[in-house]
Amino acid sequence: MNEITMDLETYSDIDLQKCGVYKYAQSSNFEILLFSYSFDEKPVSCIDIACGEEIPEIVLNALVNPDIIKRAYNAMFERICLSEHLRRYYPDLFLSYRGNDDAIKNYLAPTSWRCDMVHAAYLGLPHKLADSGRILGLDEQKMTEGKELIRYFCVPCKPTKANGGRTRNLPEYDKEKWTTFKKYNIRDVEVEMNIHKRLKKYPVPDFVWEEYSLDQEINDRGIRIDTTLVKHAIAMDERSQAELTKSLKELTNLDNPNSVKQLKGWLSDQGFAVESLGKKQVSELIPTAPANLQRVLEIRKASAKSSVKKYTAMQKMMCADDRARGCFQFYGSHTGRYAARGFQLHNLYKTHMKNKELTLVKEIVKDGNYDLLSCLYDSVPEVLSELIRTALIPREGYKFIVADFSAIEARVLSWLAQEEWRMNVFARNGDIYCETASRMFHKPVVKNGINGELRAKGKQCELSCGYGGSVGALRNMGAIEAGMKEEELEPLVALWRRSNPKIVSLWHAIQDAAKLAITGKTTTTTHGITFECRSKMLFLHLQSGRMLSYVRPKIGINRFGSDGITYEGLDGTRHWSQLETFGGKLTENIIQALSRDILCFAMKNLSDMLICAHIHDEIVIECPMDISVESICDTMAKVPAWADGLVLRAEGFESPFYKKE
């Protein structure tokens, strides 16, 4: 007996989508209904726990045996639910990890767990079980009745006269549905096993499973929420919204001034028709609006501050110990980068306040002093948005060390292309924006010094042009808003490319290698990356030992009328479709993938620390007061063996709450 594949059906009164699996399973009303499993791909058995069946001893022992692989699709769900079940009903059997001084003590160790959803994502397939099964063309598919059955048995129901006022549907209320539900649970395990059979000929490297285990550990630990700040911030926002709505009603005489349709109509009646009342559009409209309408638009902008809603999202995810867990999705994107879940740590409002002001204002909000806050600041929602990051705090007696890589993608791009002048800039810790502008315009550029005004153009090009971007990329990155003229954008692109010839050559080399691999169904190599096309897949074998996967690649006519590369994947709306790519885009995928691998290497080197979050290229560590920032940054700056010659630098700071320096 080497492994067990499983799937659970569960009930809880907590909203899984909004609150996450940790809080979902922590509810006193949580229970496992059905537990289907298979040892070593043998026929599937279903345990009807809801109807009194008990988990066999052989299964219980497998769950706590580190030598037996536990496999599931989205395995975090099964691991957390079973952790809670074992702690409640088999406390003598339950085993945790890392010791009682760590906040992960309530969960089974993830080291022997494998997630077939991660395996699917590693090969460029969708996260959803049904979608992966369909794309792989499996004979046995996930049963379509599942969603309706889950709604019936797994979530609270609305009390009605017809159902006798009950708030939950039990198996005895519809035995036919329950029988179908058991078949559905069994079928899911069968589909999982069939998917695994298809995927295992392209195995996930062991070191990636080690990264997965560390990711689960970070999710298990969670990050502490300042409950006092969150409580008062939510209350203040409600009061502020009520006052803003009242002011809008007085100014417009509308029944519901928060209605986009009503407000657009009112503005049109005032002779100021607008196409959109989105945040960006309203900000652009305010300076051009008549004086009597500017206040209306300013209130609209303040009342639409969606970032304040993150306090509510934090509160929903908070477990009994005030820690939000499950904030990260391993292999959240095609390149292997992480995605954020819940209140979206990867997308928090940017703080503009200085440290002293930030600390002072935070205390005002924690005291619940709305009158003082509204007296000091024109916009309460704006202030609350500024404080969102500070709602994340370390445990008592600890501090945060926040450290991030300096210009990680630019460094990796320079290293891969072997653009020596850029590598030399990074080696001496120079200003890449100044050096870029200097090479573009052939004159010295010093920040806040000689020709300092050119640095902004160098920065704009650095942020826009590294992956084959042209005029459109400059526009999208805000070049026009930054004061650049339309007619100078194309010459700027040309200047940047002339200054970075090896990066430009890299784009072409990668595109040519990919095309050759696809058309010849062969293997080719450039810049240390091997391109292999087989079994209707294009694999890019990276220096780190990982690979990027592209499903059903083809060469066809692209939207510009020339030969281009297409493959199947998830588009911007998360639908499976035919996508286009090219040398610059493939370069971006590669650089982001390698940058992600460097982050994972750093987190492994820091795994003895209490990592509680990571945001893009930044790591947040909850640590004792005697740990130094320098030691953390030095560890992060270590270069993996596969990236010899890469110049890394990390910078950081310590703080009693999370913030940006």
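Predicted model: local features only at pLDDT ≥ 70, side-chain atom pairs only at ≥ 80, totals over all residues.
A search of the whole structure finds 19 aromatic pairs, where rings of Phe, Tyr and Trp (its six-membered ring) pair if their centres lie within 6.5 Å, and where planes under 30 degrees apart count as stacked, over 60 as edge-to-face and the rest as tilted. One of these pairs joins Tyr24 and Phe77, a tilted arrangement with 6.0 Å from centre to centre and 45° between the planes. Because Tyr24 lies in helix α1 (residues 16–26) and Phe77 in helix α3, the pair ties together parts that are 53 residues apart in sequence; helices here are DSSP runs (H or I, at least four residues), as are strands (E, at least two), numbered from the N terminus. Tyr24 and Phe77 are both buried, and buried means under 20% relative accessible area, with exposed over 50% and partly exposed in between (1.4 Å probe, protein chains only). Another pair, Phe35 with Tyr37, is edge-to-face, at 5.9 Å centre to centre and 70° between the planes, and Phe35 and Tyr37 are likewise buried.

Two rings also carry a charge over them, in the sense that NZ of Lys or CZ of Arg is within 6 Å of the ring centre and within 35 degrees of the ring normal. The charged end of Arg168 sits over the ring of Tyr11, 3.8 Å from its centre, and Lys177 lies over the face of Tyr152, at 4.1 Å from the ring centre.

The buried residues of helix α2 (residues 57–64) are Val59, Leu60, Ala62, Leu63 and Val64, and they pack against β1 (3–11), β2 (31–39), β4 (69–72) and α3 (75–89). Within α3 we find His85, which is buried at a relative accessible area of 8%. Leaving aside neighbours within four places in sequence, His85 is in contact with Ile32, Ile55 and Tyr90, contact being heavy atoms within 4.5 Å.

How do helix α9 (residues 227–252) and helix α14 (residues 355–366) pack, and at what angle? The angle is about 75°, with the axes of α9 and α14 8 Å apart, where axes are lines fitted to C-alpha atoms, for helices over the stretch in contact, and angles run from 0 to 180 degrees between N-to-C directions. The two helices, α9 and α14, are therefore roughly perpendicular to each other, on a scale where angles under 35 degrees count as roughly parallel, over 145 as roughly antiparallel, 65 to 115 as roughly perpendicular and the rest as oblique. From α9, the residues Thr228, Leu229, His232, Ala233 and Met236 meet Lys362, Ile364, Val365 and Lys366 of α14. Not counting residues up to four places away in sequence, Lys362 touches Asp226, Leu229, Leu387, Thr390, Ile393 and Phe657.

Two further buried residues deserve a word. Arg596 lies in helix α24 (residues 583–605) and is buried, with a relative accessible area of 3%. Trp507, in helix α23 (residues 501–520), is buried at a relative accessible area of 6%, and the C-alpha atoms of Trp507 and Gly583, 76 residues apart along the chain, are separated by 4.6 Å.

I will finish with the backbone. Asn253 is a residue other than glycine with a positive phi, near 60°; Asn253 sits in the loop between α9 and α10 (260–269) and is exposed, with a relative accessible area of 68%. Lys521 has a positive phi of about 45° although it is not a glycine, and Lys521 is placed in the loop between α23 and β12 (523–526), where at 58% relative accessibility Lys521 counts as exposed.

Note on methods:
Residues numbered from 1 in each chain as written. Heavy atoms only, no water.
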